Amino acid sequence: MKKILTAVLLVLVMCVSALAGCTLVKGLEKDVQIVVEVNGEYRGLYTVNAFNNAIVPLPEEKDNPDPKNLMFYGWTPEADWQEKGAANVHLSANKSVVRYDDVKDFVGDSAKVTIYAVYGEIPVYDLVVAWYNKPATSGLDESVIGGFKDNLYAYLTSKSYTPAEMEIDIRSYAGNVGPTCEAIKNDNNVDIMLGWKDMTNLRDTGGMKPGVDFLYNYGNIWVKPDFKEGRYAAKLNEKDLTNLVYDWILEEYAGEGGATVDYDYTKDESLTPAPEPEEPTPAPELGEYDKKLVVGGYIVDSTTGLTETMMKNFEAKIKEYLTAENLTDVELVIRLYANDAEGNKLTVAKVGEMVNAAADVDILIGMGGNITSTGKIATVKLESYTIATKSRKLAQLNEDSLAAKVFAWMLATDEVKAIFA
Amino acid sequence: MYLKSKLMKAASVLCYVFTALWFVVTASFFALSNNLYWMFLIFALISLYDGFVITSVREKMQSATLEKREDIKFLVCWILSIVCPPAFVLCGIAYFRKTEDEAVVIRKAEAEAEETPAPVKAKKRFYKTKSFITMCVAFGMIIISSFTAMCFETSGFSVKVSDFTLTREMTQKYNEGKINGKEYIIPLDSETQKETSYSVTMYVPDTATEENPAPTVFVLPGFTRTKATMSQYCMELSRRGAVVFCSDPGAQGGTTENSTKGANGVEYLVQYVYNNTDDFKFCDKTRFGAVGHSAGGGNVCTLASDMAGASYEESVIKGVYISGYIKTSSANKYKNLTCNAALSYAYYDEGAFRYQSDSEAFEVIGLRFINEVKENPGTHTAVAYDYGYGDMSKGTYRVIHREMVNHCFEMYDKVSIANTIDFFNAALNMDSKLDGHNQIWFGKEFSNGIALAAAFTFVIALIGVLMDIPFFATLKAGKKKEEESLPEEPNAEGGEKALEPVMATVEGVKPVKAVAAPKTVAHKVIFWSCMLLTAIIACLDYIPLANLSIEIFPTSNLASVFTFTFPARMVNAILLWAAINGTIGLVLFFGTTALENLYEYVMFKWKGRTPVYDWSKFEAIKISGENKKGVLFNVLKSLLLAVIMFGVFYFLVQLSYWIFHQDFRFMLISAAPLNARMFVTALEYIPIIFIFYISNSIRVNCSIAREGWKEWKVLVVSALANSLGLAFILVINYVCYFATGTPYYGYWGNNNEIWLFVNMVFGLVVMMFILPIFNRLIYKKTGNVWVGAIAWCAIFIMMTISASVSYIPMY
């Protein structure tokens with residue numbers, strides 16, 4: 001009986017303790033009142049605790065003292081943030097959602113804290129590569145990305161860039177697809193996304209619009225070679241440096257069989273209604289023209305996709321064309337830019353130097369988007385041209401009417417495109 | 001002496017109580033990343049070891065005046081007990097108590113006079129044995145409680161509850177009319193091209209007839225939950241007149257489809273019921289609703305979005321209740337909904353820590369929920385909870401609830417269920433007069449819980465009955481013959497016995513046989529240190545091992561990888577934890593025994609002290625027999641007993657399901673009818689997890705039970721030793737959570753989400769608490785540590801797997 005009584009008492013004590021514990025839980029919650037202030041102006045009073053955040057109104061555009069150079073960084077409970085500088089103050093993790101965590105260390109006895117809108121300089125980047133920081137899904141973590149960064153810097157150096165002096169941000173985005181894509185859209189300065197999934201996933205789960213929020217997405221990318229599956233790389237704009245790095249990623253990290261096209265905005269018919277079939281643009285009238293036609297090809301097989309065989313086939317084709325057009329007096333020169341005298345592969349910059357030095361090249365094929373920036377080659381017309389499934393460039397370098405005619409022919413003729421495709 | 005001894009005993013008990021208290025404080029400070037936890041850990045250890053020494057001094061004391069050496073020890077203890085203030089006061093009083101108390105002499109005399117030799121009991125007939133009677137009572141309890149549960153589930157037989165399997169053929173047959181331009185046919189398995197199916201339970205109230213078709217609600221559980229865990233929703237809705245369908249999601253329960261894509265199968269079920277013109281005339285097809293919890297919440301949101309059509313009139317689903325799911329991928333579908341909708345998210349939902357950004361915080365999602373209404377977009381800037389926005393008659397009604405509960409218990413929360421009922425009552429015009437808070441589901445839950453306990457009791461009692469049969473009695477008989485030459489096990493039923501060292505050696509002769517050693521302070525320190533160590537390791541390694549299971553197993557944390565290699569993604573964490581901790585337990589048991597005996601041997605060689613070996617603790621591990629053949633037979637009989645236990649337990653489950661449509665469960669712990677998928681999956685896990693079960697059985701029966709304690713104390717200590725480590729995971733996690741809003745175990749390692757693994761601990765703690773008790777009970781009946789270990793391993797693992805996911809591509 002004594003035992004039973006003791007057992008019952010113990011059970012009762014445990015139950016009472018559990019109930020008391022549950023009641024105490026509520027007592028642990030500490031409500032904090034937040035006063036929101038923008039440029040000294042009161043914008044509202046909100047309450048947060050460990051389980052409740054506050055949605056605060058974002059400052060308006062007119063609140064920004066210097067919209068050209070400054071942007072809204074977030075909120076800080078530090079009243080002297082202007083003296084300390086935007087980079088040195090405690091900022092809220094978000095801009096519109098203020099959490100208990102953001103202010104808990106600044107709460108005084110009154111359980112009230114004022115948060116101030118912080119403005120800082122708009123950062124400018126040469127290149128922003130976003131990587132999906134969810135290792136179990138993407139295979140990417142700090143160490144893998146460390147290796148990627150080393151390779152990227154080495155590559156850029158080989159292309160005559162000085163990455164150490166450039167503003168390159170290899171930025172991690174952690175969390176699920178939806179929030180990370182949302183964050184990328186909000187940041188609005190990412191050039192390349194690394195480690196996410198296919199277009200359907202980016203669109204349906206990530207809420208990104210194909211052709212708007214990203215332009216290309218290629219699969220079979222293995223930044224972590226021994227990961228369980230190939231991931232994707234998406235390109236978000238057509239800046240020269242973006243193109244250069246994106247092409248390099250597709251080349252350097254593609255698995256067996258090469259990178260696979262998942263999305264290419266140029267082939268997305270849903271973006272714009274299919275154009276009415278147009279009459280083919282008539283070839284420009286041939287007036288006075290240079291009797292010497294020089295077509296250059298940048299042959300670094302692993303990068304440009306262009307090969308000597310392609311150029312030979314092209315030479316035969318263009319000869320046919322010139323004959324058919326009664327341009328038999330034209331001296332055709334096919335000039336290949338592949339290796340220097342020591343057998344090293346030519347960089348874009350070096351090709352630029354050679355082309356500019358020669359000053360007679362009419363058409364140049366196989367260069368990337370950096371033809372003008374890195375190559376420093378002046379172009380009259382510059383169009384995307386598919387070479388071995390890669391997006392490369394076809395450039396017309398002068399105003400010569402023969403060059404213009406051949407350039408237009410190359411763009412319009414499927415047989416020529418087939419040689420390079 | 002009596003008073004002094006009592007004071008010292010009270011002081012030592014207080015020290016143990018404060019040990020527990022300091023450990024809780026240590027865990028709390030650890031949870032808050034405050035380094036002061038080291039100080040409290042030291043306090044806890046001082047309290048514990050101080051308690052041992054005080055006990056030791058008390059046991060050795062001959063009179064109120066202690067010997068000089070013991071007096072100094074006690075003085076040190078008194079000083080150290082400052083970490084336990086009440087003990088400090090008691091020790092102080094005891095220290096200065098120098099006079100005898102004669103009461104003890106009188107009590108001793110009285111006690112001795114009361115002691116009479118126990119009469120020799122005649123062997124009872126089997127039907128009069130305690131085991132057989134217990135078995136019968138347990139069986140009766142199973143029948144009665146299952147019947148009671150059935151009464152609750154059928155709302156007093158006014159609701160017909162039945163199961164069916166939704167096949168591809170069925171979805172093809174009734175797919176004449178597409179739903180809003182979409183076709184819903186269960187696809188063939190992408191790899192095997194085989195047909196798969198979904199397991200469905202249907203609740204049809206008597207009031208639902210062809211003439212009076214009833215509103216219909218589709219219920220979907222979340223990740224690692226089967227349809228039975230949502231029976232409370234089904235019961236409460238059906239007793240209010242709604243027809244309810246509840247299905248097992250992909251890779252869970254009786255469903256053979258592995259994919260969890262789309263709406264996780266519920267879309268096929270809705271299509272089937274909607275287009276079926278033969279069988280579901282009692283369903284009002286203009287009043288369909290859907291509710292799901294956790295991942296199930298996301299699935300019903302997808303369902304309502306996919307079947308929304310252009311307007312409320314076109315929407316197949318007229319009311320959707322999304323519970324415990326606020327991912328942005330789901331929120332992106334709010335704008336498509338053309339029906340009335342409710343969103344609930346537990347105030348203490350542990351998963352909320354993941355959603356703390358501008359785009360995914362609950363407050364943001366809540367705003368989107370009330371603003372992104374297709375036919376009535378809002379411009380609200382704040383959300384009022386439990387307030388209905390919009391117009392119910394136009395399908396623009398929106399309401400958000402935040403119940404004061406956590407994620408995994410949200411579906412067992414009375415308020416949450418009441419909110420769901422009230423929503424459907426209004427949204428589907430159920431016209432029920434019953435208040436939402438008028439609920440009876442816990443009657444079923446309680447009855448199923450009683451049935452579960454009775455089923456455990458039944459199989460334990462069954463072993464008692466079987467052991468009386470001569471065929472199995474040889475198991476114990478062989479043991480008895482060997483034990484005849486040994487002293488009786490100290491903790492036999494009837495009470496604590498003083499342990500006298502029995503020397504089985506002759507001076508100067510090589511020591512031979514093991515004997516029970518006296519429990520010195522050193523022994524206690526070793527014993528309790530091992531206990532503490534295993535508990536601390538069990539507490540600290542579970543989450544890292546859960547994380548490791550994500551990293552190394554093919555299923556990882558993906559629902560898209562189907563494999564035969566350890567396909568139960570969530571159980572993989574338990575697999576690693578059990579294997580590691582089981583091995584550690586075995587190493588400590590054998591290691592400390594070897595060390596203790598080595599010490600005796602060294603002392604014998606060095607100082608000539610008569611050694612007191614304790615090899616006899618290994619006796620229980622041996623399966624004995626008269627000869628090798630006898631041993632082999634007894635091994636096979638042990639296995640047979642374990643198989644019988646497992647078979648009978650699951651036969652009872654199946655029997656109860658056949659007759660009453662009830663399995664055995666209590667909230668997160670359940671034993672459900674088996675299927676091939678569960679069976680094959682369990683076969684992979686049982687051999688490895690068995691390491692833990694045998695380790696536990698050995699520890700309980702060969703170590704803790706030999707401490708010379710009363711049986712109840714053995715059971716309590718065993719149960720606590722096996723479960724406290726895991727319980728402290730919850731303490732650490734939730735102290736941190738309630739203090740900061742972020743669980744201690746949220747992300748781990750490479751940003752892997754591991755908070756769901758902590759949810760599993762709720763069920764695991766209970767299982768780990770009862771396991772050593774069960775192991776002990778079976779051991780006492782069989783004299784064999786293996787039978788209990790094998791049987792409980794098989795039963796518990798099967799229970800765990802049947803309640804979780806298994807991405808095995810069997811079909």
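Student: How many salt bridges are there between chain A and chain B?

Tutor: This is a predicted model. A salt bridge needs a side-chain nitrogen of Lys or Arg within 4 Å of a carboxyl oxygen of Asp or Glu. Between chain A and chain B the count is zero.

Student: Which residues of chain A lose the most area to chain B?

Tutor: The contact involves 30 residues of chain A and 31 residues of chain B. About 2,600 Å² is buried between the chains, 51% of it on carbon and sulfur atoms. On the chain A side, three residues together give 22% of what that side buries. They are Phe51(A), Asn53(A) and Ile55(A).

Student: Which strands are at the edges of the six-stranded open sheet in chain A?

Tutor: The sheet has mixed pairing and the order 8-7-9-11-10-12. An edge strand here pairs on one side only. That gives strand 8 (168-174) and strand 12 (260-264) of chain A.

Student: What is the bridge partner of Trp196(A) in strand 11 of chain A?

Tutor: Strand 9 (residues 192-196) and strand 11 (residues 231-235) of chain A run antiparallel, joined by four bridges. The partner of Trp196(A) in strand 11 is Tyr232(A).

Student: How many charged residues are in the contact of helix 10 with helix 12 of chain A?

Tutor: Helix 10 (residues 308-324) and helix 12 (residues 401-412) of chain A pack at about 115°, axes 12 Å apart. Among the contact residues are Phe314(A) and Lys317(A) of helix 10, and Lys405(A) and Trp409(A) of helix 12. By class, there are eight nonpolar, no polar, and charged residues numbering two.

Technical notes
Residues are numbered from 1 along each chain as its sequence is written. Chains are lettered from A and ligands numbered from 1 in the order in which they are written. This is a predicted model: local features need pLDDT of at least 70, side-chain atom pairs count only at pLDDT 80 or more; totals for chains, interfaces and linings use all residues. Side-chain values use heavy atoms; hydrogens and water are left out. Two strands pair if DSSP finds at least two bridges between them. Helices (H or I, at least four residues) and strands (E, at least two) are DSSP runs, numbered from the N terminus. Axes are lines fitted to C-alpha atoms, for helices over the stretch in contact, and angles run from 0 to 180 degrees between N-to-C directions. Contact means heavy atoms within 4.5 Å. Ala, Val, Leu, Ile, Met, Phe, Trp, Tyr, Cys and Pro count as nonpolar, Asp, Glu, Lys and Arg as charged, and the others, Gly among them, as polar. Buried area is the accessible area (1.4 Å probe) that two parts lose on being put together, summed over both.
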